[in-house]
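Hello,

Here is the structure I promised to pass on. Please open it alongside this email. My notes follow below it.

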Amino acid sequence: MKNQTILIVDDNPIYDKETTRVLLGAGFDTLHSSTCDQAIKVTRKQDCKINLILLDINLCNGINETQAVQKILNENDIPLMFIISDFDNEIIVNSNHISSFGYVNRNSSEAILLASIKTVLKLHSEIAQNKL
């Protein structure tokens, strides 16, 4: 079975690099985007099977970004999980209309990040199977 691929959408190269290290170490493949508009282009590539989008919630702060995320979700059956920081409360409230499978704190341990991702992937798979 081919590795599952996670699209990391984060404009902070330090966090992106650290998240990539953890995911690669756990056997995931990764794709990267630093903006929501770039993420749209990545999800539209025909040769690209994305199993999860891990999105920095701070990129959902404006109307254009929120619309871009909604466009990705409308065009694809890909689960979305937000990366949050301790001080993102207002952004969380303002983006709660975006369908997601939850949040993971940027400062979570590797074990929590991986467990959260595996839970989302399992839940999404079970939902998809029940739709058949």
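Which residues in the largest nonpolar core touch the most other members? They are L7, V9, I50, I53, L55 and L80, out of 20 residues in that core. Please keep in mind that this is a predicted model.

**Overall layout**

The protein chain has 5 helices and 5 strands. From the N terminus, the order is β-α-β-α-β-α-β-α-β-α. Of its 132 residues, 43% count as buried. The accessible surface comes to about 7,700 Å². Carbon and sulfur atoms hold 52% of that surface. Now take the contacts between residues at least 6 apart in sequence: 66% of them join residues at least 24 apart.

In soluble globular proteins, nonpolar side chains tend to be buried together. Back to the largest core here, with its 20 residues. Five elements each supply at least two residues of this core: β1 (5–9), α2, β3, α3 and β4 (80–84). There is also a second, separate core. This one has 15 residues, including L23, L54, I83 and V120.

I50 is worth a click, as one of the residues that touch the most other members of the largest core. Setting aside residues up to four places away in sequence, I50 touches T5, L7, L31, V42, T43 and I78.

Next, look at T5 from its own side. T5 sits in strand β1. Is T5 buried or exposed? T5 counts as buried, because its relative accessibility is 6% and the cut-off for buried is under 20%. Its contacts, leaving aside neighbours within four places in sequence, are D29, L31, K49, I50, N51 and L52.

**The cavity**

Rolling a probe the size of a water molecule over the atoms shows where empty space is left. How many cavities of 30 Å³ or more does the count give? The count comes to 1. The largest cavity has a volume of about 40 Å³. Its lining is V9, C36, A39, I53, L55, V69, I72, L73 and L80. The elements that give two or more residues to that lining are α2 (36–44), β3 (52–56) and α3 (63–75). The largest share, 3 residues, comes from α3. By class, the cavity lining has 9 nonpolar, no polar and no charged residues.

Q38 is partly exposed, because its relative accessible area is 37%, which lies between the cut-offs of 20% and 50%.

The largest pocket contains about 210 Å³ of space. Lining it are 13 residues, and the closest to its centre are T19, N105, R106, S108 and L113. Which elements each supply at least two residues of the pocket lining? They are α1 (13–25), β5 (103–105) and α5 (110–131). The largest share, 4 residues, comes from α1. By class, the pocket lining has 6 nonpolar, 4 polar and 3 charged residues.

Best wishes

Note on methods:
Residues numbered from 1 in each chain as written. Predicted model: local features only at pLDDT ≥ 70, side-chain atom pairs only at ≥ 80, totals over all residues. Heavy atoms only, no water. 1 Å grid on protein atoms, 1.4 Å probe; cavity = no way out; pocket = protein on both sides within 12 Å on 5 of 7 lines; lining within 4 Å. Points joined across faces, edges and corners; volume = space filled by probe spheres on them. Nonpolar A, V, L, I, M, F, W, Y, C, P; charged D, E, K, R; others polar. Buried < 20%, exposed > 50% of the residue type's maximum accessible area, 1.4 Å probe, protein only. Contact = heavy atoms within 4.5 Å. Areas by Shrake-Rupley, 256 points an atom, 1.4 Å probe, with all protein chains shown as cover. Core = buried A, V, L, I, M, F, W, Y, C linked by side-chain atoms within 4.5 Å.
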